Amino acid sequence: MTKLQVIIDDARLKPILDKVNSGERLSFDDGVALYRTSDLLALGYLANQVRERLHGNVTFFNVNRHINPTDVCVASCRLCAFGKKARDPKAYTMSLDQVWETAGKGWSESATEFHIVGGLHPELTLDWYCEMLRGLKQRYPQVHLKAFTMVEVAYLARRTKVSVRETLERLRDAGMDSMPGGGAEIFCERVRRIICDHKIDGNEWIEVARTAHQLGIRSNCTMLYGHIENEGDRVDHLMRLRALQDETGGFVTFIPLAFHPANTPLEHIPATTGFADLKNIAVARLMLDNIPHIKAYWIMMTPRIAQIAQRFGSDDLDGTVVEEKIYHDAGATTSQSLRRSELLRLIREAGREPVERDTLYRPVERNETTFTVLV
Ligand code: V47
C-alpha cells in the first residue's frame, strides 16, 4: 500500500509526528507546542492516527437521560450559571417521587444510562441520595446509574462527617454504578481561585477519583477550557489526569468542556471558537495516551463541530441526552436532545460506523421495545 505523505506546515510538529508514529509518550513541552500551533489539519491528522489505531472506524454514542435533582448550591462558582441559593425563588429541589418520575420519562425511550448530578445542597443527606439510588434501581434495574461528581461526593462526606471512602461505598452499595467527570474544571490553583474558589482543589478532586477507582468505581474526567487558563495550565491538567490513569486505570472517557460565559459572572469572556474546540479534542487524544475514549459533547460544542471532531481525535458523540440544564442555563443554544436517527446521520455522514454503547462502552443491541448489553 502506498503511504500518503503528510504535509506539515508547522516544523515544530515534526518531532511530535515521529513520536506519535512510534507510540512514544508526549511531554509537557509537546503539549504546549500542540496547543500553540495553528496547523489544525496537521494536528487533526496526528490525533486521527491515534484514534483510528484505538477504535478503527467506529464512533460510539449512547441513549441517556440527564437528571439534576436540585440546582440549590452552597458554592458560588463564577463559572456556573446553574447553581442557585436556597432562597432564590427560581431554585428547585425535586422530591424523591419527582426524581423517580423524571427518570421514567427517559426510560420509556429506553435510556441505558441516567446521568445524575446537582448542586451542593445544604440539607439533602447521604441517606436521601442512597434512597434515591435504591428507588431508581428498583424501578429501572437495567439502567446504569452514572451519578455524582467528585465535588458532590467530597461535600457529602464532609457534611455527613464520614470519610470519602465510606461515602463512596454507601453510594455504590445503594446502586451508583459509575461517576461522571464533572467538577474537575482546571486543576491549576491560580485559575481555580478565580473561577471556582468554593470547590475542592485539584489535589482533592484527584484524591476522590483515586479512592473511587480503588473501590472499583469507574469514572469519567473533564477539563473546562476557554476562560482564563493558558496552554500550560491545560497541559498540566491533562498530565495530572494521565498520571492518575497510569496508577488506577479507572478513567473511561475524557470530555473537554468549552466554557459558556452567558449568565455567569464571567460573561465578559468571549465564547470559544470551533478552532479551539477541535484543537482541545485533538490535543487531548494525543496527550491522554492511556484513556481509551475522547468524547465530543455535542450539547457543548454543537452537533456540527462534534461531527467534525470525529475526524480530529474523538470516538464518541455522547448521547441523545434528554433535558440538559447546566449548559442551557449558561446560554447554550443547542437543542436539549437529539433523536437517535439524527445522531446516526451525523456519524454516518462523517464516514464513521455508529455503535450504540452502554456507559462502559459495551455494545448495545436494540429491538422495538428493549435493549441488551452485549458482554
Ligand atoms: O462540572 C458548569 C461544567 C460540568 C459551565 O462524565 C460549565 O459523561 C461550561 O461534567 N460553561 C458538567 N461548562 C458537565 C459534565 C459532563 C457533561 C457530559 C458528559 C459528562 C460525563 C460530564 O460542566 C460541570 C462544569 O465543569 N460547567 N458551568 C459553564 N457556564
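Trainee: In which hand of crossing does α9 pass α10?

Mentor: Good place to start! This is a predicted model, and in it α9 passes α10 in a right-handed crossing.

Trainee: Which residues of α9 and α10 meet?

Mentor: From α9 come Gly202, Asn203, Trp205, Ile206, Ala209, Arg210 and His213, and they meet Arg240, Leu241, Leu244, Glu247 and Thr248 of α10. Sorted by class, the contact of α9 with α10 holds 5 nonpolar, 4 polar and 3 charged residues.

Trainee: At what angle do the axes of α10 and α11 cross?

Mentor: Helix α10 (residues 231-248) and helix α11 (residues 274-287) have axes that cross at roughly 40° and come within 10 Å. That makes α10 oblique to α11. The hand of the α10 and α11 crossing is right-handed.

Trainee: Which residues of α10 meet α11?

Mentor: Look along α10 for Arg234, Val235, Leu238, Met239 and Arg242; their partners in α11 are Asn280, Val283, Ala284 and Met287. The contact of α10 with α11 has 6 nonpolar, 1 polar and 2 charged residues.

Trainee: Let me try the next pair. How do the axes of α7 and α9 cross?

Mentor: Helix α7 (residues 164-174) and α9 have axes that come within 10 Å and cross at roughly 50°. That makes α7 oblique to α9, and the crossing of α7 and α9 is right-handed. In α7, Val164, Arg165 and Leu168 meet Val208, Thr211, Ala212 and Gln214 of α9. By class, this contact of α7 with α9 divides into 4 nonpolar, 2 polar and 1 charged.

Trainee: What lines the largest cavity?

Mentor: The largest cavity has a volume of about 50 Å³, and its lining consists of Gly119, Leu120, His121, Tyr129, Glu152, Tyr155 and Leu156. Helix α6 (residues 150-160) gives the most to that lining, with 3 residues. The classes in the lining of the largest cavity are 4 nonpolar, 2 polar and 1 charged.

Trainee: And which residues line the second largest cavity?

Mentor: Asn62, Glu113, Lys146, Asn220, Thr253, Lys295, Arg357, Thr359 and Tyr361 line the second largest cavity, whose volume is about 30 Å³. Its lining residues divide into 1 nonpolar, 4 polar and 4 charged.

Trainee: What is the volume of the largest pocket?

Mentor: The largest pocket has a volume of about 930 Å³. It is lined by 47 residues, of which Cys80, Gly183, Glu185, Lys199 and Ile326 are the closest to its centre. At least two residues of the lining of the largest pocket come from each of α6, β6 (218-225), β7 (251-258) and α13 (326-329). As for classes, the lining of the largest pocket has 21 nonpolar, 16 polar and 10 charged residues.

Note on methods:
Residues numbered from 1 in each chain as written. Predicted model: local features only at pLDDT ≥ 70, side-chain atom pairs only at ≥ 80, totals over all residues. Heavy atoms only, no water. Axes fitted to C-alpha atoms, helices over the stretch in contact; angles between N-to-C directions. Helix = DSSP H or I, 4+ residues; strand = E, 2+ residues; numbered from the N terminus. Parallel < 35°, antiparallel > 145°, perpendicular 65-115°, else oblique. Left-handed = near helix turned anticlockwise from the far one by under 90°. Contact = heavy atoms within 4.5 Å. Nonpolar A, V, L, I, M, F, W, Y, C, P; charged D, E, K, R; others polar. 1 Å grid on protein atoms, 1.4 Å probe; cavity = no way out; pocket = protein on both sides within 12 Å on 5 of 7 lines; lining within 4 Å. Points joined across faces, edges and corners; volume = space filled by probe spheres on them.
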